[in-house]
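Welcome! Please take a moment with the sequence and the structure below, and then let us walk through them together.

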Amino acid sequence: MKSRRNFIKKIATAGVGISIIPNIAFGAILNTNKQKLKLAFIGVGLRGTNHLNNSLQRKDIEVTAICDIDPKRIEIALKNIEEAGYKKPKVFGKSDDDYKHLLDLKEIDAVIISTPWLWHTKMAVAAMKAGKYTGLEVSAANTLEECWDLVNTHEATGSHLMILENVNYRRDVMAVLNMVRQNVFGELVHFRCGYQHDLRFVKLNDGKTPYGKGVEFGEKGISESKWRTQHSVLRNGDVYPTHGVGPIATMCDVNRGNRFISLTSNASKAIGLHNYIVKHGGEEHPNAKVKFKQGDVITTTIETAKGETIIVTHDCNLPRPYSLGFRVQGANGLWEVDGNRIYIEGKSDPHRWDAADEWLKKYDHPLWQKYGEYAAGSGHGGMDFFVLNAFVESAKENIAPPLDAYDAAAWSAITPLSEASIENNGAPQDFPDFTRGMWVKRKPYNWIKNTY
């Protein structure tokens with residue numbers, strides 16, 4: 001998880017096959033029944049291919065259909081499916097709306113959506129209306145209206161949606177969640193998190209290589225630069241909050257006995273992408289004249305119904321090492337990911353940090369203890385295995401997933417609310433209650449178990 005560069009080395013090349021993942025039959029290890037989930041994929045770009053390859057390692061999944069408007073990505077996906085020994089699925093992608101024909105198929109139980117952000121909600125809504133168990137990549141929605149669309153469609157159809165937030169399954173995060181559940185930190189008070197990741201080499205490329213070369217984007221770009229960078233041109237807000245806020249929301253039981261109440265957001269000046277373009281493309285390059293709206297560092301402070309505060313930072317346009325900036329603080333102590341340190345009053349030496357390693361080992365999550373070695377090759381340090389496994393097992397039982405439509409809506413709502421706050425000089429913005437009051441009685445998901 002240090003960098004997406006390691007991830008890209010594994011799956012970005014056109015000829016990559018299923019051999020990048022250890023030859024372990026995950027489904028044979030995990031599956032307690034004979035049921036096979038008939039699974040389809042909408043979007044088989046880099047992220048979708050990662051989900052596909054992990055799925056092909058399972059014995060409880062049948063890939064019945066794939067969809068992508070890029071023929072090269074379809075070709076890669078079909079090659080991986082063939083090399084894994086599975087039969088050829090039905091293929092869609094003749095037009096932007098061809099995914100709707102995929103959703104008409106009766107031989108699909110569930111669908112994983114890994115497409116550009118502007119397609120997430122409309123595709124997820126269509127999938128739920130078609131009766132498919134829906135897995136949706138992050139972020140789930142761009143506007144408050146889209147957040148409500150996800151919730152309303154789930155409630156109207158009874159179809160489940162899981163937001164595929166893999167950081168909720170990161171090993172250190174799950175160990176700290178275990179500590180939270182065992183009250184090691186005491187009553188929770190304050191959190192910090194975010195997405196602090198130098199993405200200049202992602203948002204800008206040469207139109208041929210996904211990452212690391214060139215200063216093009218939009219029509220002249222490739223992969224994420226083709227669509228993601230335009231958000232930085234037009235929007236000033238935290239457009240990617242869920243990697244940080246998802247794990248924190250779980251720790252403080254948002255939507256299940258607690259909820260987000262309000263937020264305030266502020267944005268710095270925007271110079272990072274411009275400087276990168278000038279440095280690598282020259283002052284005369286046409287993109288050097290582009291005015292980026294998104295501030296380089298966006299800081300959001302959220303208040304919860306139980307009185308906790310959460311500081312969320314979006315920092316993707318400046319040079320920096322990767323960090324999600326986690327801090328979990330309670331009445332008895334705190335954990336900070338930067339510095340890998342923990343302090344627990346009465347256990348640690350007074351006023352001195354402990355190295356976090358021994359604490360994290362002591363409270364290692366049951367899931368990681370049981371399946372850590374099998375997860376190693378799945379991507380992003382192993383957490384991609386766990387998020388897919390939770391999705392598959394929930395879909396096979398057709399039960400509510402650990403991270404549901406209400407979570408998708410609440411976490412994604414940070415984006416439009418932060419935009420509104422910044423536009424109004426940091427004015428507070430109220431969160432909608434997407435549970436319509438049911439957060440008061442909804443019970444937290446049982447995270448401390450070794451199944452999923």
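A salt bridge here is a side-chain nitrogen of Lys or Arg within 4 Å of a carboxyl oxygen of Asp or Glu. The model you are looking at is a predicted one, and a search of the whole structure finds 21 salt bridges in it.

**Salt bridges**

Side chains of opposite charge can pair when their charged atoms come close.

| Salt bridge | N to O distance |
|---|---|
| Arg 47 and Glu 137 | 3.1 Å |
| Asp 172 and Arg 170 | 2.8 Å |
| Arg 228 and Glu 224 | 2.6 Å |

Take the bridge between Arg 47 and Glu 137. This pair links distant parts of the chain: Arg 47 belongs to helix 3 (residues 46-55), while Glu 137 is in the loop between strand 5 (133-136) and helix 7 (144-157), 90 residues apart. Buried means under 20% relative accessible area. Arg 47 has 18%, so Arg 47 is buried, and Glu 137, with 7%, is buried as well.

In the bridge between Asp 172 and Arg 170, Asp 172 counts as buried at 16% relative accessibility, and Arg 170 counts as buried at 13%. For the bridge of Arg 228 with Glu 224, the values are 4% for Arg 228, which counts as buried, and 12% for Glu 224, which counts as buried too. Elsewhere, salt bridges that share partners join Arg 58, Asp 60, Glu 393 and Lys 396 into one network.

**Rings and charges**

How many aromatic pairs does the structure hold? There are 17 aromatic pairs. One of them joins Tyr 195 and Tyr 240: the ring centres are 4.8 Å apart and the planes lie at 65°, so this pair is edge-to-face. Tyr 195 is in strand 7 (residues 188-196) and Tyr 240 in the loop between helix 10 and helix 11 (242-251), so the pair links distant parts of the chain, 45 residues apart. Tyr 195 is buried, with a relative accessible area of 3%, and Tyr 240 is buried at 9%.

A like arrangement involves Lys 122, whose charged end sits over the ring of Trp 119, 4.6 Å from its centre.

Ring pairs also link Trp 368, Tyr 371, Tyr 374, Phe 385 and Phe 386 into a cluster.

Strand 11 and strand 12 form a hairpin with two residues between them, and Gly 330 stands opposite Gly 333 in strand 12.

**Helix 12**

Which residues of helix 12 (residues 272-281) are buried? They are Gly 272, Leu 273, Tyr 276 and Ile 277. Seen down the helix axis, these buried residues fall within an arc of 135°, so they line one face of helix 12. An α-helix has 3.6 residues a turn, so residues three or four places apart point the same way. The buried residues of helix 12 pack against helix 9 (200-203) and helix 10 (228-234). After helix 12 comes Gly 282, whose phi is positive, near 90°.

Methods. Residues numbered from 1 in each chain as written. Predicted model: local features only at pLDDT ≥ 70, side-chain atom pairs only at ≥ 80, totals over all residues. Heavy atoms only, no water. Buried < 20%, exposed > 50% of the residue type's maximum accessible area, 1.4 Å probe, protein only. Helix = DSSP H or I, 4+ residues; strand = E, 2+ residues; numbered from the N terminus. Arc of directions from axis to C-beta. Contact = heavy atoms within 4.5 Å. Phe/Tyr/Trp six-rings, centres within 6.5 Å; stacked < 30°, edge-to-face > 60°. Lys NZ or Arg CZ within 6 Å of the ring centre and 35° of its normal. Pairing = 2+ DSSP bridges.
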